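Subject: Structure handover

Hello,

Please find the structure below. My notes on what was found in it follow.

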Amino acid sequence: MRWIIIVALFATAHCLLTPGRHTIRRGQGRLASLVCRRLASDDEISASAFLELCSEAIQSGRAVELRNRTVAALESPVKVGSGETLVIEGPGRITGSGHSVFQVGGSAKPYGLLIRNVEVKHLASTDRSEKRSLGSCLFARGKGSIVLEDCAVTSEAGFALWLVQKSSATMARCSIRDTGRSAITVFNHATLRASECLISNVTPHGVCARGETSIQLVDTTFDGCDARAVYAYMSCDLEMTRCVVTGTRDASAAAVQVEALRPEDASILKIDSTTLKGNAGRGLSIVGNVERRFSGTNDFQGPIDETPAAIERWSPEGPI
């Protein structure tokens, strides 16, 4: 019986780990391709089995393929460290109740974590009730890099995506809905690139950027943010191209706000063919040392405002 169990576990791991298709070969810039020949019968992957699969995938350079399976709630983050790469392929669903579902550090290039066509949900926990401990669905620090494609990401109580230090994230065709805190926070020297994404019904902001950050939003829609769609302050390089911002709910807040108020702050705001409409408050607010570069046909929902945001921006955690 013991040997039967061991063989069954090996077969499951074999069919959920596929080499090459999303793993960059050493010294090459293209992806290899191999197809898994087996399927596991279970619809759910236990948390312990999934953590083992991820560890094996990192070591072997293979991709974890969920194949329409759900991963049982993880109580601790899946960690991707320095020089490591983890690829997870859907369709499938992953949930977790720890401080984050995935935590990415190190400096692996072009990414440390790639997730494609997966729903990733961060669950609230009674063990993390204080604001600073609410956590996030995905967390990157150091020079950690995350790539999300065709994913649905959320956090019941925290951020969907949290980038600090010199980390970065690239999102394509993703959705973020119903977060407990701002959908995406970008701090320090972090970088965000989002294209063809939807950010909807989040509290309070869609994207909150603080520090010497870089934000590029292309063909992205913000719908129903509680306060602001984008709030960038200090020295942010913000670019919005063919974006739509609608349905913000705070009449006292601008839908998009960019500030550079300290003597050392300097921001750049680039807007091209972007529409702000149907928002409860002002459309666009620009305050302080912000260089403006506008092109295309833009609708800012009225004149540009120069009213600074509330003093909350000076709190240790910022207005998030």
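Valine 147 is found in strand β12, residues 145–149; strands (E, at least two residues) and helices (H or I, at least four) are DSSP runs, numbered from the N terminus. This is a predicted model, in which local features need pLDDT of at least 70 and side-chain atom pairs count only at pLDDT 80 or more, while totals for chains, interfaces and linings use all residues. Residues are numbered from 1 along each chain as its sequence is written, and side-chain values use heavy atoms, with hydrogens and water left out.

Valine 147 has a relative accessibility of 13% and therefore counts as buried (buried is under 20% relative accessible area, exposed over 50%, partly exposed in between, with a 1.4 Å probe and protein chains only). Leaving aside neighbours within four places in sequence, valine 147 is in contact with Tyr111, Leu113, Leu114, Ile115 and Thr170, where contact means heavy atoms within 4.5 Å. Its C-alpha atom is separated by 9.5 Å from that of arginine 193, which is 46 residues away along the chain.

Serine 145 lies in strand β12 as well. Its relative accessible area is 6%, so serine 145 is buried. The side chain of serine 145 reaches the backbone oxygen of proline 110 at 3.4 Å. That is a polar contact, meaning a pair of N or O atoms within 3.5 Å; within protein, one must be able to donate a hydrogen and the other to accept it, and residues adjacent in sequence count only if both atoms are side-chain atoms. An open sheet of 9 strands has the order β5-β8-β11-β14-β17-β20-β23-β26-β29, with parallel pairing; two strands pair if DSSP finds at least two bridges between them. At the edges are β5 (78–80) and β29 (284–288), each of which pairs on one side only. Neighbouring strands of this sheet are turned by 5 degrees against each other on average, direction ignored (axes are lines fitted to C-alpha atoms, for helices over the stretch in contact, and angles run from 0 to 180 degrees between N-to-C directions). Within the sheet, β23 (residues 228–234) and β26 (residues 256–260) run parallel and are joined by 4 bridges. Alanine 232 stands opposite valine 258 in β26.

Strand β21 (residues 214–218) is largely enclosed by the rest of the structure, because 4 of its 5 residues are buried. It pairs in the parallel sense with β18 (residues 191–195) over 5 bridges, and alanine 194 has leucine 217 in β21 as its bridge partner. A further 5 bridges join β21 to β24 (residues 237–241), again parallel; here isoleucine 215 is partnered by leucine 238.

Which cysteines form disulfides? A search of the whole structure finds 0 disulfides, a disulfide being a pair of cysteine sulfur atoms within 2.5 Å. For cysteine 174, the closest cysteine sulfur is in cysteine 151, at 4.9 Å, which is too far for a bond. Cysteine 174 is buried at a relative accessible area of 3%, and cysteine 54 counts as buried at 2%.

Overall, the protein has 2 helices and 30 strands. Of its 320 residues, 51% are buried. Among contacts between residues at least 6 apart in sequence, 58% join residues at least 24 apart. The accessible surface comes to about 14100 Å², with 50% belonging to carbon and sulfur atoms; areas come from the Shrake-Rupley method with a 1.4 Å probe, and for residues only the protein chains shown count as cover.

Regards
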